[in-house]
Amino acid sequence: QVQLVESGGGLVQPGGSLRLSCAASGNIFSVTVMGWYRQAPGKRRELVADITSSGSTNYAVSVKGRFAISRDNAKSPVYLQMSSLKPDDTAVYYCRADVREGLGSPPISYWGQGTQVTVSS
């Protein structure tokens, strides 16, 4: 079993910044992809950004240029630096990790419990 623990959410004014972090622990052989998703009230969960084990990144169009996803190495936490925040960024942000629990095992997706980000004056 794998656990993902997120932190860093909160209330911020428009134009402000926040940094989210997500740490994975448990039965992990390797992590293929880690990413951040968000879900606003009444909307579907959507990808914000993800990063592969080789460091390739992918961003939603709505956050490109404002958010940055990073990891120091394949076993470190994943971070989401959010800048120039807008009210439309308000949502619960979820961490996801695709984990191989053994050599040759297929990746399994795990999710964190979510952290609330509210952008409001």
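Colleague: Which ring does the charged end of R45 sit over?

Modeller: R45 has its charged end over the ring of Y94, 3.7 Å from the ring's centre. For that to count, NZ of Lys or CZ of Arg has to be within 6 Å of the ring centre and within 35 degrees of the ring normal. Keep in mind that this is a predicted model: local features need pLDDT of at least 70, side-chain atom pairs count only at pLDDT 80 or more, and totals for chains, interfaces and linings use all residues. Side-chain values use heavy atoms, with hydrogens and water left out, and residues are numbered from 1 along each chain as its sequence is written.

Colleague: Got it. And R19, what does its charged end sit over?

Modeller: The ring of Y79, with the charged end of R19 4.2 Å from the centre of that ring.

Colleague: Let's do salt bridges. How many does the structure hold?

Modeller: Four salt bridges. The criterion is a side-chain nitrogen of Lys or Arg within 4 Å of a carboxyl oxygen of Asp or Glu.

Colleague: Which residue meets R38 in a salt bridge?

Modeller: E46 does, at 2.8 Å from N to O. R38 is buried, at 7% relative accessible area, while E46 is partly exposed at 36%. In these terms, buried is under 20% relative accessible area, exposed is over 50%, and partly exposed is in between (1.4 Å probe, protein chains only).

Colleague: What about R66, which side chain does it meet in a salt bridge?

Modeller: R66 meets D89, again with an N to O distance of 2.8 Å. This pair links distant parts of the chain, 23 residues apart: R66 is in the loop between β6 (57-59) and β7 (67-71), and D89 is in the loop between β8 (78-82) and β9 (91-100). Strands and helices here are DSSP runs numbered from the N terminus, E with at least two residues for strands and H or I with at least four for helices.

Colleague: Are R66 and D89 buried or exposed?

Modeller: R66 is buried, with a relative accessible area of 13%, and D89 is buried too, at 2%.

Colleague: Which residues are linked in a network of salt bridges?

Modeller: R38, E46, R66 and D89.

Colleague: And D98, which residue does it form a salt bridge with?

Modeller: With R96, where the closest N and O atoms are 3.1 Å apart. D98 counts as buried at 13% relative accessibility, whereas R96 is partly exposed at 23%.

Colleague: Switching to aromatics. How many aromatic pairs are there?

Modeller: One aromatic pair. Y37 and W111 have ring centres 5.0 Å apart and planes at 65 degrees, so this is an edge-to-face pair. Y37 is in strand β4 (residues 30-39) and W111 in strand β10 (residues 108-111), so to speak distant parts of the chain, 74 residues apart. As for the cut-offs, rings of Phe, Tyr and Trp (its six-membered ring) pair if their centres lie within 6.5 Å; planes under 30 degrees apart are stacked, over 60 edge-to-face, and the rest tilted.

Colleague: Y37, buried or exposed?

Modeller: Y37 counts as buried at 15% relative accessibility, while W111 is partly exposed at 36%.

Colleague: Zoom out for me. How many helices and strands are in the protein chain?

Modeller: Zero helices and 11 strands. The radius of gyration is 14 Å, close to the 14 Å from the globule rule for 121 residues, so the chain is as compact as a globular protein of that length. That radius is taken over C-alpha atoms, and the rule is 2.2 Å times the number of residues to the power 0.38. Along its principal axes, the C-alpha trace spans about 50 × 25 × 20 Å.

Colleague: What percentage of the 121 residues count as buried?

Modeller: 40% of them.
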